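Here's a quick briefing to read alongside the model. Have a look at the fold first, then go through the points below by topic.

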Amino acid sequence: DTKQNYLFCSNHRTVLDPAFISSCLPKKIQKNTCIVGKAELVNDKLLKTFVLSHNLIPIDRTGNSIQTLDRCRELLNEGWNVLIFPEGTNVENNTKMYPLKDGAAKLAIATGKQIIPVHITGVAHMDKEMSDFALPKLRSRIRIKFGKPISPENMTVSELNEEIREKIEELN
């Protein structure tokens with residue numbers, strides 16, 4: 001639904017995930033979506049153009065993410081979509097997700113915005129995580145699946161985190 005905005009929550013395999021996921025969104029949604037990513041990305045020569053053109057919301061991964069969450073809340077309330085990776089880092093294991101951080105669930109509860117679960121596969125070489133900037137093999141099949149919206153209504157942060165995890169894993 002392009003008239004409503006969402007919080008997209010995806011598993012996280014590589015630094016390239018935002019580009020792959022963004023490319024699958026309809027243009028109208030893509031242009032109105034911000035991506036939460038590590039602040040260091042704006043200093044990377046290869047990724048700087050992409051992250052700046054895709055409205056990167058930098059997150060301080062040293063534990064002070066309150067400003068980032070506040071900014072995401074503002075953007076969601078202004079009608080933007082936000083793409084976030086609740087695991088908080090790239091995951092080396094192809095099948096099992098890391099425990100989810102609370103930020104995405106807190107944002108959804110605070111704003112009442114629905115969550116769209118997203119699952120990405122095919123960006124890793126065999127069962128090992130590729131290095132941050134290695135591209136998938138030419139014959140790799142990158143699959144990105146979008147689930148049905150999850151309502152945060154009447155849920156606690158831990159309940160919503162569990163629901164997000166389950167729905168992302170079900171898409172695998």
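Reading from the N terminus, the elements of the chain go β-α-α-β-α-β-α-β-α-β-β-α. That comes to six helices and six strands, and bear in mind that this is a predicted model. The chain has 172 residues, and 44% of them are buried. If you take the contacts with a separation of 6 or more, 70% of them come from residues 24 or more positions apart.

**Nonpolar cores**

- In soluble globular proteins, nonpolar side chains tend to be buried together.
- The largest nonpolar core here has 22 residues, and L7, C9 and I115 are the ones with the most contacts inside it.
- At least two residues of this core come from each of β1 (7-10), β2 (33-38), α4, β4 (81-84), α5 and α6.
- Leaving aside residues up to four places away in sequence, C9 touches I84, P86, A104, I115, I116, P117, V118, I164 and I168.
- There's another core lying apart from the largest one, with 13 residues, including I35, I116, I120 and I144.

**Helix α5 against helix α6**

- Two packed helices are described by the angle between their axes and the distance between the axes.
- Helix α5 covers residues 103-111 and helix α6 covers residues 157-170; they pack at an angle of about 115°, with their axes 9 Å apart.
- That angle makes α5 roughly perpendicular to α6, because the roughly perpendicular class runs from 65 to 115 degrees.
- The crossing of α5 past α6 is right-handed.
- On the α5 side, the contact is made by A105, K106, A108 and I109, and on the α6 side by V157, L160, N161 and I164.
- Sorted by class, the residues of this α5 and α6 contact are six nonpolar, one polar and one charged.

**Helix α4 against helix α5**

- How do the axes of α4 and α5 cross? They come within 10 Å and cross at roughly 40°.
- So α4 counts as oblique to α5.
- This crossing of α4 and α5 is right-handed.
- L69, C72, R73, L76 and N77 of α4 make the contact with G103, L107, A110 and T111 of α5.
- By class, the contact of α4 with α5 has five nonpolar residues, three polar ones and one charged one.

- T68 is found in helix α4, which spans residues 66-77.
- Is T68 buried or exposed? It counts as buried because its relative accessibility is 6%, and buried means under 20%.
- Not counting residues up to four places away in sequence, T68 touches V36, I57, P58, I59 and D60.
- E163 lies in helix α6, and with a relative accessible area of 23% it is partly exposed.
- Which residues does E163 touch, not counting those up to four places away in sequence? They are I150 and M155.
- E163 and I150 are 13 residues apart along the chain, and their C-alpha atoms are separated by 8.0 Å.

Methods. Residues numbered from 1 in each chain as written. Predicted model: local features only at pLDDT ≥ 70, side-chain atom pairs only at ≥ 80, totals over all residues. Heavy atoms only, no water. Helix = DSSP H or I, 4+ residues; strand = E, 2+ residues; numbered from the N terminus. Buried < 20%, exposed > 50% of the residue type's maximum accessible area, 1.4 Å probe, protein only. Contact = heavy atoms within 4.5 Å. Axes fitted to C-alpha atoms, helices over the stretch in contact; angles between N-to-C directions. Parallel < 35°, antiparallel > 145°, perpendicular 65-115°, else oblique. Left-handed = near helix turned anticlockwise from the far one by under 90°. Nonpolar A, V, L, I, M, F, W, Y, C, P; charged D, E, K, R; others polar. Core = buried A, V, L, I, M, F, W, Y, C linked by side-chain atoms within 4.5 Å.
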